[in-house]
Structures are given as C-alpha cells and as structure tokens.
Amino acid sequence: MATDAKRPKIDDEKCVLDPLKNFLLWCDSVKLTLSDKVYLSKEGTAAEYGMLAEEDIEEGHVLFSIPREVLLHHGTTKVKKVLEEGKTSLESASGWVPLLLGLLYEYTCPQSHWKPYLSLWPDFRTLDQPMFWSEEERDKHLKGTGIPEAVKTDLKKLQDEYNNIVLPFMKSHPDLWDPEKHTLELYKSLVAFVMAYSFQEPVEDEDEEEEKKPNPPMMVPMADMLNHVSKHNANLEYTPECLKMVSVRHIEKGEEVFNTYGQMANWQLLHMYGFAEPFPTNSNDTADIQMSSVYKAAVQAAQSEADQRLLVDKWNMLCEMEIVGEKGVFIFGQSGSLTYSELYTTLKVLCMPLQHFEEFCENEGWEEDEENEDDKMEQALSFDGLTGLSAEWKCLLHAAAALTLDSYSEDVEADRKRLEDQGALAELSSRERRALHVRYGQKSILQRLQQLTKPMS
C-alpha cells in the first residue's frame with residue numbers, strides 16, 4: 001500500500017511531505033519502539049489512521065513501547081515552568097487547562113519537540129464530533145439521544161473556561177501566547193483533540209478509604225493511533241519507565257489492532273470521539289430513561305387527586321434521599337437495568353400503599369436484612385427477570401419507555417428500515433449514518449424493555 005508506513009529510512013526524501021513517515025522517523029529518534037509485526041496505515045482501517053498486523057501476533061506481544069518523557073502533558077511541555085508557577089490560577093472543573101495551554105503553545109510552535117506528532121492532525125475538525133455540527137444538525141439527527149444536551153453543556157463550559165481562565169493567563173504571558181493566534185476556535189479544536197485522543201492513567205488504590213483525584217489527561221503518541229471496538233485485541237499498560245501496548249489475544253495477519261477506550265455506549269463514542277460502532281456490534285451500548293419520566297408515568301396512572309398528591313410526597317422523599325434527581329437517568333444495557341438499585345427503590349416507593357409509605361417516612365427509609373438484596377434487585381430488573389415484576393411496576397416501566405421513545409425525532413420502524421436497506425444506508429452522509437447507529441441502538445433497548453413490560457391483554 002502506498003500509504004502504509006513501516007519503518008522508513010532516514011534518507012527518505014518524501015518524509016517531509018508525508019506526515020505519517022515523518023512521525024515514524026520522530027518515533028525512532030525519541031526511542032519509541034514499534035514491533036516489526038505491526039504497521040500504521042491510512043488504508044484498510046476503521047478511521048483515518050490505524051494499526052494493522054504485518055504477521056500473526058501471539059497474545060502478550062508488546063506492539064510498541066513509549067518512554068515516559070515522550071508523553072505530552074503539562075509536566076513535559078516547554079512551558080511547564082510557567083504552568084507550574086501559575087497552577088492555582090489554572091484550576092478548573094475539567095482539570096484540562098494546563099494540558100490545553102501546553103497544546104496551544106506546542107501546536108503553534110514551529111520548533112516544538114512534538115511537531116511531527118501534532119502535524120498528523122492539520123485540522124482537528126476532521127474528528128467531526130457533534131460539537132462541530134450545527135445546532136440544527138444535532139437536533140435533527142440526535143434528538144432524544146442525550147448528545148445535543150451534552151454538547152451544549154460542553155460548549156458553554158469551554159467558552160467560560162477560555163474567557164475566565166485561559167485568556168487572562170495568556171495575556172499575562174505575551175511572550176508565550178498570543179490571543180490573536182491562540183483563539184477560542186483553536187481552543188475548542190484542542191478540547192476536541194483531548195476528548196478524542198488523550199489518556200488518563202488509572203489511580204493506584206493503595207488506600208481504599210482515601211479517595212484520590214483522577215490523574216490529569218495526557219497525550220500518548222502512537223497509542224492514540226489505534227481505533228476502538230468493544231471487543232478489542234490490545235490494551236495499554238502503564239509502568240514506571242514507559243507505557244506499553246500489549247496484545248490481549250491472538251491477532252491474525254492483516255487484522256486491525258484495536259485498543260479499548262473503556263465500556264462506552266455509542267452515544268458516548270460519538271459525543272467524545274466522533275464515531276459509533278455499527279449496530280448491533282457495540283456490546284456496551286445503553287439507553288437512558290429520565291428519572292422524571294418514571295415519575296410522569298406514575299402521575300399519569302394515578303386514579304385520583306389524592307393519589308397524585310401522595311406521589312408528590314413520594315417523589316420529594318426520593319429526592320431528599322438522593323435516590324433520584326430532576327436531571328438524573330436510569331440506565332439500561334443489553335441485559336437490563338444498570339442502575340437497578342436506584343430504579344428498584346424508586347418503583348418500590350412510587351407503588352407502595354399509603355400506610356407503607358408513612359412507615360417508610362417514620363423510619364427514614366428501610367433497613368434491608370437480606371444478605372443478597374443487591375443480587376435480588378439486579379435479577380428483578382434484568383431483561384430475564386422483568387416478566388416477574390408486579391403489573392404496577394411493569395406499567396410504569398412500559399409507560400416511561402414509551403415517553404422516552406417519543407422524545408426522538410424519528411420512530412423506531414423508520415430507523416429500522418433505513419438500517420436494513422443497504423442502498424438507503426449508502427446514500428446517507430457519514431453524520432447521518434453515525435447518528436442512525438446511535439439512535440437505533442438506544443431504541444432497540446427501549447423497545448425490548450417495552451415488549452417485556454407489556455400489559456397482559
């Protein structure tokens with residue numbers, strides 16, 4: 001393949017023009033070692049860049065090794081001293097500001113140590129996360145998925161972060177940053193870059209009682225070239241000297257090497273990384289039901305004003321107990337409820353008779369005396385266990401699923417027909433196709449929930 005990048009020779013005249021070859025030359029120079037059994041390519045991969053097996057690879061093989069000093073973060077960037085001195089003024093909810101300021105500097109510095117790495121992305125908008133879509137596109141294709149709301153929150157936060165923290169800091173260091181060059185638009189693009197490509201080293205649990213803050217994000221050259229699938233074949237390992245990508249199963253010649261970004265639902269993958277796994281391949285896909293939808297379903301089923309007033313008291317009690325919240329969600333996966341403890345308690349309280357609720361209030365909840373109560377709740381709210389629920393509980397779940405399905409701009413059948421028609425699917429734009437996989441993955445879970453809680457006729 002013309003675009004395959006194995007180990008290039010140093011005198012390769014095309015390396016100046018070919019970012020991928022230039023990057024691999026840089027890898028050699030910084031002792032980032034790549035196994036002869038893999039190569040980088042822009043062809044035959046799931047996204048723009050990817051890694052393929054040159055030959056069969058056994059489980060446990062080190063695909064590449066990255067020295068710690070090659071990682072790009074606030075402690076390795078050329079402006080690390082300034083960032084360290086000003087760290088108290090750079091604190092933010094995201095915790096990303098020091099890295100982003102380092103990236104603003106390194107990305108626009110022609111002499112940057114990481115230039116060959118950062119040159120792989122001449123335009124971060126090609127990542128095409130929904131934050132780069134128009135608001136109209138997000139509402140049209142992603143309504144009901146939770147993504148438009150998440151993007152709106154992201155854009156507001158990053159704008160506030162830039163104006164209130166980043167801009168004043170840059171103005172106090174005009175020798176390093178220039179607001180004319182280091183604009184809000186570039187900051188937004190770098191936020192997208194960090195969302196899609198950064199890694200967070202796991203926190204070591206030496207003292208379980210003391211909850212440690214998560215490590216800040218960092219850029220990991222080479223590791224971020226690997227694409228993600230839920231059924232991955234490689235994993236990143238952290239050691240004091242280096243980071244290593246290791247195969248976790250046998251990989252056949254020609255097969256793509258996939259890392260995992262964690263157990264991510266399709267809406268999370270599209271929101272953060274700009275892609276979605278084709279339906280039905282994502283075993284980690286989920287669908288959310290707003291907690292308030294279960295309450296609405298209960299109100300709609302109430303037989304009298306007295307019942308409705310009682311529901312208000314029950315809901316307020318659940319809010320006080322922090323079991324539910326106005327913006328909270330109940331999450332369903334491929335096998336049933338993933339938030340079964342909260343959902344079980346909610347259904348139990350909303351459906352309990354007045355006398356039981358009064359006792360519940362007097363006791364400030366209940367004391368569970370069953371050792372396997374957690375297992376019992378999980379089983380009851382699994383898709384295998386739903387048929388055993390009381391008619392009242394099933395009615396609430398059925399109605400809440402219906403309310404959620406109504407929030408999408410397209411109905412289930414229209415999306416199903418699009419997915420099954422290969423001709424129609426091929427005519428969709430990349431954005432429309434990714435949005436379809438997100439929507440239908442969620443709807444199929446909700447539809448299954450509906451079918452299993454359907455009232456007996």
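# A tour of the model, stop by stop

Start by selecting Asp313, which lies in helix α10. Helices here are DSSP runs of H or I with at least four residues, strands are DSSP runs of E with at least two, and both are numbered from the N terminus. The model is a predicted one: local features need pLDDT of at least 70, side-chain atom pairs count only at pLDDT 80 or more, and totals for chains, interfaces and linings use all residues. Residues are numbered from 1 along each chain as its sequence is written, and side-chain values use heavy atoms, with hydrogens and water left out.

Asp313 counts as partly exposed because its relative accessibility is 43%. Buried means under 20% relative accessible area, exposed means over 50%, and partly exposed lies in between, for a 1.4 Å probe and protein chains only.

**Helices α10 and α11**

Select residues 305-320 for helix α10 and residues 340-351 for helix α11; the two pack at an angle of about 150°, and their axes are 9 Å apart. Axes are lines fitted to C-alpha atoms, for helices over the stretch in contact, and angles run from 0 to 180 degrees between N-to-C directions. How do α10 and α11 run relative to each other? The two helices are therefore roughly antiparallel. Angles under 35 degrees count as roughly parallel, over 145 as roughly antiparallel, 65 to 115 as roughly perpendicular, and the rest as oblique.

The crossing of α10 with α11 is right-handed. A crossing is right-handed if the near helix is turned clockwise from the far one by less than a right angle, and left-handed if anticlockwise. Now show the side chains: Leu311, Lys314, Trp315 and Leu318 of α10 meet Thr345, Thr346, Val349, Leu350 and Cys351 of α11. Contact means heavy atoms within 4.5 Å. Sorted by class, this contact of α10 with α11 has six nonpolar, two polar and one charged residues. Ala, Val, Leu, Ile, Met, Phe, Trp, Tyr, Cys and Pro count as nonpolar, Asp, Glu, Lys and Arg as charged, and the others, Gly among them, as polar.

**Helices α3 and α6**

Next, select α3 (residues 97-108) and α6 (residues 147-171), whose axes come within 11 Å and cross at roughly 55°. That angle makes α3 oblique to α6. The crossing of these two helices is right-handed. On the α3 side the contact is made by Val97, Leu100, Leu101 and Leu104, and on the α6 side by Glu161, Ile165, Val166, Phe169 and Met170. Which classes do these residues fall into? The contact of α3 with α6 has eight nonpolar residues, no polar ones and one charged.

Turn to the strands. Strands of a sheet pair through backbone hydrogen bonds, either parallel or antiparallel. Two strands count as paired if DSSP finds at least two bridges between them.

Four strands form an open sheet with mixed pairing, in the order β2-β3-β10-β7. Its edge strands are β2 (38-41) and β7, each of which pairs on one side only. Select β10 (residues 256-259): Glu256 and Phe258 point one way, Val257 and Asn259 point the other way, and all are buried. Strand β3 (residues 50-53) pairs with β10 in the antiparallel sense over two bridges, and Met51 stands opposite Val257 of β10. Strand β7 (residues 227-228) pairs with β10 in the parallel sense, also over two bridges, and His228 stands opposite Asn259 of β10.

Four bridges join β11 to β12 (residues 329-333), and Gln290 has Val329 of β12 as its bridge partner.

Select Thr286, in the loop between α8 (266-273) and β11 (287-290). Is Thr286 buried or exposed? Thr286 counts as buried because its relative accessibility is 11%. Leaving aside neighbours within four places in sequence, its contacts include Trp267, Phe332, Leu338 and Ile445.

**Last stop: Gly385**

Gly385 sits in the loop between α13 (373-380) and α14 (391-405). At 13% relative accessibility, Gly385 counts as buried. Not counting residues up to four places away in sequence, Gly385 touches Gln379 and Ala380. Draw a line from Gly385 to Leu452: these residues are 67 apart along the chain, and their C-alpha atoms are separated by 9.3 Å. Then draw one back to Asp313, which is 72 residues from Gly385 in sequence and 29 Å away in space, C-alpha to C-alpha.
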